[in-house]
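Morning, everyone. I'd like to walk you through one interface today. Please have a look at the model first.

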Amino acid sequence: MATLQDLENAIDALLNHPLGIGQYQLVRRAEEKAYEAYVFGLCLRAARELGVIPVLRGITGAPTPFVFRGAPGQIHSRGRNYGYAEFTLNGQEFEIHAGVEFRGTSGMTHELDVCIMRASDARACRNPQSLDDPHAASLVGGWECKFYAGNLQKGLGRAFVGLIDDMGSNVRLSGLCSNSVHPQLRDYFQPQRRPHPHFHLTPLEPSNEDIFVNQIKGELKKMTAA
Amino acid sequence: MKKLGARDEALAAQVQAAIDAGKDVSETEPAIDRRKKARVYRKTVPFSHEEALQIALDALQAYFVEQPLFVAAAADSLAKAAIGVPTHRRSGYQANSEEPEPVSLEGQGVEKAVEIEMQTETQLSKTGEETIPLKRMAQEQIDDQRHHIADLRKLTNFAQE
C-alpha cells in the first residue's frame with residue numbers, strides 16, 4: 001500500500017526534474033506560441049506527406065533563425081525576419097503562416113494562429129507597391145490554437161465561429177486546435193461549415209495528429225486535382 | 001497543492017483554476033406524473049477529490065510533458081523542411097515582383113534554430129529579451145516526466161487500493 005511519503009517523493013521527483021518547475025518558469029511566457037509552432041509543424045508534415053518539400057522562408061531573407069510572431073501581425077511586416085513556409089502542389093503554390101492578420105469579408109481584420117493561403121495572394125500583399133492584409137478569399141485553411149492546462153473556454157469557440165463566418169465561403173478547412181477539450185464545444189462545432197474540433201491534438205495522441213494532417217492532405221489534393 | 005504553491009504560485013493557481021472549473025453532469029428528475037418522462041437537465045458540479053487529483057495531474061502533464069513534446073515535434077517538422085535562401089542578387093529579381101522569388105534550397109534534414117518573438121512590433125516599452133529560443137529537450141527527460149506522471153496517477157488511483 002502506498003504511503004503519504006511515497007506520494008510526496010513522487011511529487012518531488014516530478015517538480016524537481018529538469019523538466020519540472022524550472023522548465024515551466026522558462027517556457028510559460030511562450031507556451032501558446034510553442035503550441036502554434038507545433039500546429040505549424042503539422043501543416044508542414046501534411047505538405048511533406050503529399051510528396052513535396054516545404055521551404056522555410058523569412059520576410060527579409062533566409063530564416064536563420066526561424067522566428068514565430070509573438071503577437072498578431074501583418075503579412076508584409078518587416079519588423080523582424082518572420083518565418084513562413086511555402087510549397088507547390090500540382091502546380092499550385094501555397095504558403096503556411098502563423099499569427100498573420102487577414103481582412104474579413106466585413107472589412108474587419110482577424111488573426112489566424114496558423115493558416116494555409118494562396119501564395120500568389122501572399123506575395124501580392126508583400127509587394128512594396130501594394131502592401132496590404134490578405135483578403136478572405138486567399139485563405140485555404142485557418143486554425144485557432146489554444147494550449148490549455150485545464151478545460152477550454154467556451155468563448156474561444158464562439159469567437160472562432162464568428163471569425164470563420166467572416167472569412168467567406170472560400171475557406172476549405174478550419175478548426176480549433178487544443179491539447180485540451182470542452183465537451184460542449186464539440187457539440188457546438190457539429191453543424192456543417194463550423195470549424196472542426198481538433199481536441200487533444202498533442203503528440204500524446206498520434207491518431208488525432210493523423211486526423212488533422214489527413215484533413216489537410218485531403219482538401220489540398222481535392223483543390224489541386226486537375 | 002501546498003507543495004506546488006511553495007515552488008511556483010502561478011502554476012499552482014493555474015492548476016487550482018482547472019480544478020475549480022468543475023464539470024457538467026446530467027441530472028435526472030423523476031416525473032411526478034407517470035405519463036410524463038423523467039426530466040434530464042445539465043448541472044455544473046465540483047470534481048470529486050479523486051477527479052480533482054487527476055485534473056491536477058493533467059495540468060502538470062500539459063506543462064511538464066506536452067510542452068516539451070510540442071517543441072520537439074515542431075523541431076522535427078522544421079528540420080525536415082528546406083531553407084529557402086534568396087538568390088535574387090544573382091538573378092536580377094525585383095522586390096516588387098509578384099512572381100516567386102528565386103531561392104536555393106539548403107539545410108533539409110538539419111535542425112533549425114527556432115525563436116519566439118517576445119518584444120512585439122507594437123510594444124512601446126522594450127524590456128527583456130527580444131526573442132527566446134525554442135529549445136528541444138532530451139527525449140529521455142520527457143520520458144522521465146511521463147513516468148513520474150504515470151507513477152503519481154497510480155498512487156492517486158484509490159479505486160485500485
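**Where chain A meets chain B**

Start with two helices. Helix α3 of chain A, residues 31-49, packs against helix α3 of chain B, residues 49-80. The angle is about 35°, and the axes lie 8 Å apart. The crossing of α3(A) with α3(B) is left-handed.

Who makes that contact? From α3(A), the residues include Glu31(A), Ala34(A), Tyr35(A), Phe40(A), Gly41(A), Leu44(A) and Arg48(A). From α3(B), among them are Gln67(B), Phe70(B), Val71(B), Ala74(B), Leu78(B) and Lys80(B). By class, the contact of α3(A) with α3(B) has eleven nonpolar, three polar and four charged residues. Keep in mind that this is a predicted model.

Now the whole interface. Chain A puts in 67 residues, and chain B puts in 63. Which element gives the most on the chain B side? That is α3(B), with 16 residues. Other elements of chain B that give two or more residues include α1 (2-7), α2 (9-20) and α5 (139-155). Strands are on that list too, among them β3 (82-86), β4 (103-106) and β6 (131-133). The side of chain B that touches chain A has 37 nonpolar, twelve polar and 14 charged residues.

Last item: strands. β5(B), residues 114-117, also gives two or more residues to the side that touches chain A. Its pairing partner is strand β2 of chain A, residues 66-68. The two run parallel, over three bridges. In one of the bridges, Phe66(A) partners Val114(B).

That's my tour. Questions, please.

Notes:
Residues are numbered from 1 along each chain as its sequence is written. Chains are lettered from A and ligands numbered from 1 in the order in which they are written. This is a predicted model: local features need pLDDT of at least 70, side-chain atom pairs count only at pLDDT 80 or more; totals for chains, interfaces and linings use all residues. Axes are lines fitted to C-alpha atoms, for helices over the stretch in contact, and angles run from 0 to 180 degrees between N-to-C directions. Helices (H or I, at least four residues) and strands (E, at least two) are DSSP runs, numbered from the N terminus. A crossing is left-handed if the near helix is turned anticlockwise from the far one by less than a right angle, and right-handed if clockwise. Two residues are in contact if their C-beta atoms, placed from the backbone, lie within 7 Å. Ala, Val, Leu, Ile, Met, Phe, Trp, Tyr, Cys and Pro count as nonpolar, Asp, Glu, Lys and Arg as charged, and the others, Gly among them, as polar. Two strands pair if DSSP finds at least two bridges between them.
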